[in-house]
Amino acid sequence: QCNVDQIGDGIKVMLRGQIVSKKAIISTSFKAPTMLFPKMYLESVFYNMISNALKYSKTGVTPDICITSKKEQGRVILTFSDNGLGIDLDRHGNNIFKLNQVFHSGYDSKGIGLFMTKTQIETFGGQISVTSQPGVGTTFTIVF
């Protein structure tokens, strides 16, 4: 069993420098406080989701990141939402989780994070999906 609040707190400590420098707000609502998933992989998912939200935040806008968990039909649903740059899914939707895909130029991106996150989630029977609007933000929904 992984405690999602503890995982989130640990990742926030790891990313403290970026969170402080961007004055990011990270809010959480964990209605499903624990879940069965390998801790190392769940930490990686949290790290990639939060670090991407910080990296692709809008200049001059305080990053607002919201992480939630809930249980529906016996499965845990974890969401990561932000108010960042967003992704044009009409252009990039088919490639969003593919290896070496980068959607914003001028950032230190290698196109590995989302690919790795999807692989880790699907390896253990989960699914990940995304909704996004350029200039508005992005929400990743993960079902375990």
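1. F80 is buried, because its relative accessibility is 4%. Buried here means under 20% relative accessible area, exposed means over 50%, and partly exposed is in between, with a 1.4 Å probe and protein chains only. This is a predicted model, in which local features need pLDDT of at least 70 and side-chain atom pairs count only at pLDDT 80 or more, while totals for chains, interfaces and linings use all residues. Residues are numbered from 1 along each chain as its sequence is written, and side-chain values use heavy atoms, with hydrogens and water left out.

2. F80 has an aromatic partner. F46 and F80 form an edge-to-face pair, 5.1 Å centre to centre with 80° between the planes. The rings that qualify are those of Phe, Tyr and Trp (its six-membered ring), with centres within 6.5 Å; planes under 30 degrees apart are stacked, over 60 edge-to-face, and the rest tilted. The pair links distant parts of the chain: F46 sits in helix 3 and F80 in strand 5, 34 residues apart. Helices (H or I, at least four residues) and strands (E, at least two) are DSSP runs, numbered from the N terminus. F46 is buried, at 0% relative accessibility.

3. The whole structure holds 4 aromatic pairs. In one of them, Y41 and F124, the ring centres are 5.3 Å apart and the planes meet at 40°, so the pair is tilted. Y41 belongs to helix 3 and F124 to the loop between helix 5 and strand 6, so the pair ties together parts that are 83 residues apart in sequence. Y41 is partly exposed at 27% relative accessibility. F124 is partly exposed too, with a relative accessible area of 42%. One aromatic cluster is made up of F37, Y41, F124 and F144.

4. Which residues of helix 5 are buried? In this helix, residues 113-123, they are L114, T117, Q120 and I121. They share one side of helix 5, because they cover an arc of only 130° around the axis. The arc is taken from the directions between the helix axis and the C-beta atoms. An α-helix has 3.6 residues a turn, so residues three or four places apart point the same way.

5. The cover over the buried residues of helix 5 includes helix 3 (39-55), strand 6 (127-133) and strand 7 (137-143). Contact means heavy atoms within 4.5 Å. After helix 5 comes G125, which has a positive phi, near 85°.

6. T138 is in strand 7. T138 is buried, with 6% relative accessibility. Its side chain makes a polar contact of 2.8 Å with the side chain of S132. A polar contact is a pair of N or O atoms within 3.5 Å; within protein, one must be able to donate a hydrogen and the other to accept it, and residues adjacent in sequence count only if both atoms are side-chain atoms. Leaving aside neighbours within four places in sequence, the contacts of T138 include F80, S81 and D82, as well as V130, T131 and S132.

7. T79 lies in strand 5, residues 75-82. T79 is buried, at 16% relative accessible area. The side chains of T79 and T68 are joined by a polar contact of 2.3 Å. Beyond neighbours within four places in sequence, T79 touches C66, I67, T68, T139, F140 and T141.

8. The structure has 4 salt bridges. The rule asks for a side-chain nitrogen of Lys or Arg within 4 Å of a carboxyl oxygen of Asp or Glu. Side chains of opposite charge can pair when their charged atoms come close. One of the bridges joins K118 and E122, at 2.5 Å from N to O. These two are 4 residues apart in helix 5, so about one helical turn separates them. Both K118, at 22% relative accessibility, and E122, at 39% relative accessible area, are partly exposed.

9. K12 and D9 form another salt bridge, 3.7 Å from N to O. They are 3 residues apart in helix 1 (residues 4-14), which means a separation of about one helical turn. K12 is partly exposed at 25% relative accessible area, and D9 is partly exposed at 39%.

10. K70 bridges to E72, with the closest N and O atoms 3.1 Å apart. K70 is partly exposed, with a relative accessible area of 37%. E72 is partly exposed at 38% relative accessibility.
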